[in-house]
Amino acid sequence: MTKTDFHPFHVLIPAAGTGTRAGGGIPKQYRPMAGKPVLRHTIEKFLSLANVKSLRVIIDPAQEDAYRAAVSGLDLPPPVMGADTRKQSVYNGIKNIPDTSNEDILLIHDAARPLVNTKDILNLAARTHETHAATLACPVADSLLLENADLPRDHILSVQTPQGFRLSLIRQAHEMFKDDNNFTDDAGLVRAMGHHVATVPGSRMNFKITTEDDFLMAEKIISAAVETRTGMGFDVHAFDPAPVKSIRIGGIDIPHTRALLGHSDADVALHALTDAILGTISAGDIGTHFPPSNPDWKAADSAIFLKESLRLLTAQGGTLVHADLTLICEHPKIGPHRDAMQKRIADILCVPPNRISIKATTSEGLGFTGRGEGIAAQAIVTVKIYG
Ligand code: MG
């Protein structure tokens, strides 16, 4: 794309619907699909574009908790509260577009169309720039019948979103038809004003999730793009000769007469796990993110490091599937503390305990671990990255 093709735009995503026909017993935009809610898939598609000047989601005030959970960690302004109809909700959204010129372009996109492709979004923005109003639309593949009369399929288009408008135009259309609720989309309002709405070819993949069938189809398409990765971590810490009462391993304190030496709390198990997770996203190692030269990490709880690796994984669209940890030491005995360790690590990583495996072995008296000079830990994690 050349610089002259770069068309910035605002985005509104109406997500105030309460439809549960897609199954799951919750409004479809909040139903998890391939690891995250439908709405989050849709939002992330737009957030990946540098053209987005602002993005506001319009929600039902009764669904605020579901919304907050769905967008957790995303950099978004507060949602706009919706109204009784989609049209009124969109109007609320338009009134909340941040300090902008009327020449700006606004794209309005259904929350339940997570499979829109970014090329089509950019084509639509470019066309809107030229014509002031445009919508994605797709030819109809099936033959159509109306009360037993054949319809000329060749002249019929299935209208999709996003739909793009000059802000001044769509604002005027909403004001003009404020009390008329017979419109199902924004392009219809603009056409009713007598303004032409251009069509930009969309993809049939950009279907609106409405029924359970749609949901399953969308999930299959998204899941096909899921990548499985593994990461490995290894760490060693030496015992401190000074006598103590406990040692920190796997996020818990175990009674023991020797602790491990280290800049942080020297939790060898959490360090190996942190490196394994960072490995899945090729994000360096624990020292890259938490250099021992930084006094902030002196005696730090290593749960902080592990949580940060999980945050970085999540930011890349990843979720942790499983972690397998092996501790190598003669002492302390790990077995009696295995369950507590498993539970603590599962808590830190926000997964059920059965996704965390903890194993321990001695090295039969051989090497530094055999001589009781320190503890080694190795971890292998499996993650899924959703494209
Ligand atoms: Mg370490």
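This is a predicted model: local features need pLDDT of at least 70, side-chain atom pairs count only at pLDDT 80 or more; totals for chains, interfaces and linings use all residues.
Residues are numbered from 1 along each chain as its sequence is written, and side-chain values use heavy atoms, with hydrogens and water left out.

Helices (H or I, at least four residues) and strands (E, at least two) were taken as DSSP runs numbered from the N terminus, and two strands were regarded as paired if DSSP finds at least two bridges between them. On this basis, an open sheet of 7 strands with mixed pairing was found in the order S5-S4-S1-S6-S10-S7-S11. Its edges are formed by strand S5 (80-81) and strand S11 (198-201), each of which pairs on one side only. Within this sheet, strand S6 (residues 105-108) and strand S10 (residues 157-166) are antiparallel and share 4 bridges; Leu107 has Gly164 in S10 as its bridge partner.

Helix H5 (residues 167-176), in turn, lies across S6, S7 and S10 and runs at about 110 degrees to S10.

A further open sheet, again with mixed pairing, comprises 5 strands in the order S15-S12-S18-S16-S17. Strands S15 and S17 stand at its edges with a single partner strand each, so one side of each is left without a neighbour in the sheet. On average, neighbouring strands of this sheet are turned by 25 degrees against each other, direction ignored. Strand S12 (residues 226-243) runs antiparallel to strand S18 (residues 374-386), to which it is joined by 13 bridges, and Thr228 is there partnered by Lys384 in S18. Strand S12 is also joined to strand S15 (residues 258-260), in the antiparallel sense, by 2 bridges; here Phe239 has Leu260 as its bridge partner, while Pro243 stands opposite Arg258.

Helix H10 lies across S16 and S18 of this sheet, running at about 150 degrees to S16. Helix H10 (residues 303-315) also packs with helix H11 (residues 338-349), at an angle of about 45 degrees and with the axes 9 Å apart. That angle makes H10 oblique to H11, given that angles under 35 degrees count as roughly parallel, over 145 as roughly antiparallel, 65 to 115 as roughly perpendicular and the rest as oblique. The contact involves Ala303, Leu306, Lys307 and Leu310 of H10, and Arg344, Ile348 and Leu349 of H11.

The magnesium ion has as its protein donors Asp235 (OD), His237 (NE2) and His271 (ND1), which lie 2.2 to 2.3 Å from the ion. Donors are N, O and S atoms within 2.8 Å of the metal (3.2 Å for Na, K and Ca), and because water is not among the atoms, sites may look incomplete. In sequence, these donor residues follow the spacing D-x1-H-x33-H. Both Asp235 and His237 are buried, where buried means under 20% relative accessible area, exposed over 50% and partly exposed in between (1.4 Å probe, protein chains only).

A salt bridge was counted when a side-chain nitrogen of Lys or Arg lies within 4 Å of a carboxyl oxygen of Asp or Glu, and this rule gives 18 salt bridges. One of them links Asp110 with Lys208, with the closest N and O atoms 3.9 Å apart. This pair connects distant parts of the chain, 98 residues apart, Asp110 being in the loop between S6 and H4 and Lys208 in the loop between S11 and helix H7 (212-223). Asp110 is buried at a relative accessible area of 7%, whereas Lys208 is partly exposed at 34%. In another salt bridge, Asp324 and Lys359 meet at 2.8 Å, N to O; the two residues, 35 apart, lie in strand S16 (residues 318-328) and strand S17 (residues 356-361), respectively. Asp324 is partly exposed, with a relative accessible area of 24%, and Lys359 is likewise partly exposed, at 35%. Glu373 and Arg371 also form a salt bridge, at 2.7 Å, N to O, in which Glu373 is partly exposed at 39% relative accessibility and Arg371 is exposed at 55%. Finally, salt bridges with shared partners join Arg86, Asp110, Arg113, Asp186 and Lys208 into one network.

Terms used. Contact means heavy atoms within 4.5 Å. Axes are lines fitted to C-alpha atoms, for helices over the stretch in contact, and angles run from 0 to 180 degrees between N-to-C directions.
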